[in-house]
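Reader: I am new to this structure. Please show me how to read its features, one at a time.

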Amino acid sequence: NALFIKKTQLYPIGTKGLQFIQVKANVPFSSFIQEMLQILIESILLTIIILGYVIFLVITIHKKDKLFKRREASVNGTIHDLKSPLNSIITLMSFIKKKVPDIHTQQLVENTERQAQKLVNEIEALLITARKDRQKVYLQKEETDLVLLVTEVAQEVSMQHSHQPHQIKMESELNELNLMLDPLYVRNVIRNLVENALKYSDDGVNVQVLIRNIDGNIEVSVTDDGWGIAPKDQKLIFRQFYRVRQHIQVKGYGIGLAVVKYVVEAHHGKIRVNSVLGKGSCFTFSLPKAQ
């Protein structure tokens, strides 16, 4: 067999430099090639196996992502289709309320109308949450009296929570304030904040809704003397599906404040929270006058 010879350089022996020593190692060339070839084959096989697993994972992820998108589109379409019959119910209830002379029946019809409108608001909130990761919130702006809008929502929420002792106080520096905004979405923002003030509080809660004109922006703040929010939760409450753990279980899905943030930012505004645990919270959102 051919040999693969490995040798060192010459090293002198003694002081006269007349004798030298050199180390040689004779390695059979075929054995060297075989060892290197085996390592190479094993490396290639390992690379092929790893590449196969990567391709398999990519295909699996792609299939699941495609299935998830189809399911998401189906769910969103179903949710969206629910709005039409609910809006028809609201219109019908409004018509019946005007035609029925009995006050008690009118109150029942009005309550049904409010519940249907609440469902429409919740459906719209779900749609906003579902679409946010793919596209911006689509606004249908029109000139709207913000003071009147806030007043109407505060009264509606107060009536819906009549079973809970509370007080909602409305204050505004302006009697009338016309802004270009989407009334449906902004109504949902105000409703969420006022409802949260009542939901996360004990009986007898005091809620103050204040509208101010500050440095060219309009600020709407909702303040309560309820349970408050811990500092660690204040940084997370505007995330989707995040819920603050409370000593009393409160119904919800953790999307309300996420929707509030989406809508306010879509109007080029900002929202912030100031809260002290056990003393209450103040949510403030600002909207620019000119948009």
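**Reading helices, bridges and patches**

Author: Begin with a pair of helices: helix 3 passes helix 4 in a right-handed crossing. A crossing is right-handed if the near helix is turned clockwise from the far one by less than a right angle, and left-handed if anticlockwise. Helices (H or I, at least four residues) are DSSP runs, numbered from the N terminus. This is a predicted model, where local features need pLDDT of at least 70 and side-chain atom pairs count only at pLDDT 80 or more, while totals for chains, interfaces and linings use all residues. Residues are numbered from 1 along each chain as its sequence is written, and side-chain values use heavy atoms, with hydrogens and water left out.

Reader: At what angle do the axes of helix 3 and helix 4 cross?

Author: Two packed helices are described by the angle between their axes and the distance between the axes. Here, helix 3 (residues 146-160) and helix 4 (residues 183-199) have axes that come within 9 Å and cross at roughly 45°. Helix 3 is therefore oblique to helix 4. Axes are lines fitted to C-alpha atoms over the stretch in contact, and angles run from 0 to 180 degrees between N-to-C directions. Under 35 degrees counts as roughly parallel, over 145 as roughly antiparallel, 65 to 115 as roughly perpendicular and the rest as oblique.

Reader: Which residue forms a salt bridge with Glu156?

Author: A salt bridge is a side-chain nitrogen of Lys or Arg within 4 Å of a carboxyl oxygen of Asp or Glu. Arg187 is the partner of Glu156, with the closest N and O atoms 3.4 Å apart. The pair links distant parts of the chain: Arg187 sits in helix 4 and Glu156 in helix 3, 31 residues apart.

Reader: Is Arg187 buried or partly exposed?

Author: Buried means under 20% relative accessible area, exposed over 50%, partly exposed in between (1.4 Å probe, protein chains only). Arg187 has 18% relative accessibility, so it counts as buried. Glu156, at 26%, counts as partly exposed.

Reader: How many salt bridges does a search of the whole structure find?

Author: The search finds 9. One of them joins Glu171 and Lys169, at 3.2 Å from N to O. Glu171 is partly exposed at 28%, and Lys169 is partly exposed at 45%. Another joins Glu219 and Arg212, also with 3.2 Å from N to O. Glu219 is buried at 11%, whereas Arg212 is partly exposed at 28%. Salt bridges that share partners also join Glu152, Glu156, Arg187 and Arg191 into one network.

Reader: Why is helix 6 largely enclosed by the rest of the structure?

Author: Count its buried residues. In helix 6 (residues 256-266), 8 of the 11 residues are buried, so the rest of the structure largely encloses this helix. Among the buried ones are Gly256, Leu257, Tyr262 and Val264. His268 follows helix 6, and its phi is positive, near 65°.

Reader: Which residues make the nonpolar surface patch?

Author: Patch residues have over 30% relative accessible area and no salt bridge; like charges are joined within 9 Å, nonpolar side chains (Val, Leu, Ile, Met, Phe, Trp, Tyr) within 5 Å. This patch is made by Leu37, Leu40, Ile41, Ile44, Leu45 and Ile48, and covers about 550 Å². Leu37 lies in helix 1 (residues 29-99). At 46% relative accessibility, Leu37 counts as partly exposed.

Terms used: Areas by Shrake-Rupley, 256 points an atom, 1.4 Å probe, with all protein chains shown as cover. Helix = DSSP H or I, 4+ residues; strand = E, 2+ residues; numbered from the N terminus.
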